[in-house]
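Morning, everyone. Please take a look at the chain on the screen, and then we will walk through it.

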Amino acid sequence: MDSLEDAEEVLRSTKSNSNFQRLTRLLMRGGAVLLREIFDSIHSPANLPTTLSDPSVERKLRTARLTRPDWNCLYPSPGVYGKSSDFDISLTFRLLRTICKLKPPPTGWDSLPNDSEHSLQADMVRIKYYRNEVYGHSRNLELSDDQFLDLWGKISKALLRIGAKLSHEKQIRLKGTFEKFLHDPLTPEEERYADEVEQWYEKDIDNKKVLQELVQEVREMKEDFRGQQVGQYYWLLDFALV
């Protein structure tokens, strides 16, 4: 049975709160693990220490404006390097964008891609975009049945396409996993996924603020430099006229 048809069947007995929790389970249990596997396919766990010890990689990571906890996860102590199994979804996203040679889709990393764009990068952007929509309901932890169906379909399709980048078998297994996420009873432990979605969103917002502040500082430095150049020009002009 198609996963959307399954969703419609399950919704006959679900409530708006469980709709929200099922979506956060899909994002955090499905998306986080899948994206980590994509990262491992590019930088294998066996070679990750060598990658992280490369000075050129470290320079790239410094441009990513990572948080201190992120840095500690990547570089716990001198000569010791992190394991991808310890990376949260926010850090995994940032590493995929920074050190995996992935070019942004035509619409960029922050805008919803065109429907016809099905690259890995485009589906990564979709996951984050739809995460924002899920986060928008985090205050009351509720989603209507229509909202749930719409977001479940969009998120699961994007994740299945990402899984297909690994293998067809992986895509098939994912589909079965997502159906279990849809049908299996929710557990009290899974309430933490709502908090993880919120943390993921807020880390992105904090990074954007830091980047905006950095851009503003650079602009001000350029203006000061231009001002100094103009001042030097007039000083030389005055000197020449003496």
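First, a term: helices (H or I, at least four residues) and strands (E, at least two) are DSSP runs, numbered from the N terminus. With that, the chain reads α-α-α-α-α-α-α-α-α-α along the sequence. That comes to 10 helices and zero strands.

A word on the source. This is a predicted model, where local features need pLDDT of at least 70, side-chain atom pairs count only at pLDDT 80 or more, and totals for chains, interfaces and linings use all residues. Residues are numbered from 1 along each chain as its sequence is written, and side-chain values use heavy atoms, with hydrogens and water left out.

Now the whole chain. Buried means under 20% relative accessible area, exposed over 50%, and partly exposed in between (1.4 Å probe, protein chains only). Of the 242 residues, 40% are buried. Next, contacts, meaning heavy atoms within 4.5 Å. Take those with a separation of 6 or more: 71% of them join residues 24 or more positions apart.

On to helix 6, residues 89-99. Just after the helix, Lys101 has a positive phi of about 55°.

Next, the rings. Rings of Phe, Tyr and Trp (its six-membered ring) pair if their centres lie within 6.5 Å; planes under 30 degrees apart count as stacked, over 60 as edge-to-face, and the rest as tilted. The whole structure holds eight aromatic pairs. Tyr135 and Tyr201 are stacked, 3.9 Å centre to centre, with 15° between the planes. Tyr135 lies in helix 7 (residues 120-135) and Tyr201 in helix 10 (residues 192-241), so this pair ties together parts 66 residues apart in sequence. Tyr135 is buried at 18% relative accessible area, while Tyr201 is partly exposed at 22%.

Phe178 and Phe181 make a tilted pair, because their ring centres are 6.1 Å apart and their planes at 35°. They sit three residues apart in helix 9 (residues 168-183), about one helical turn.

Last, charges over rings: NZ of Lys or CZ of Arg within 6 Å of the ring centre and within 35 degrees of the ring normal. Arg131 has its charged end over the ring of Trp200, 4.7 Å from the centre. Arg62 lies over the face of Trp71, 4.9 Å from the ring centre. Trp71 also belongs to an aromatic cluster with Tyr75 and Tyr81.
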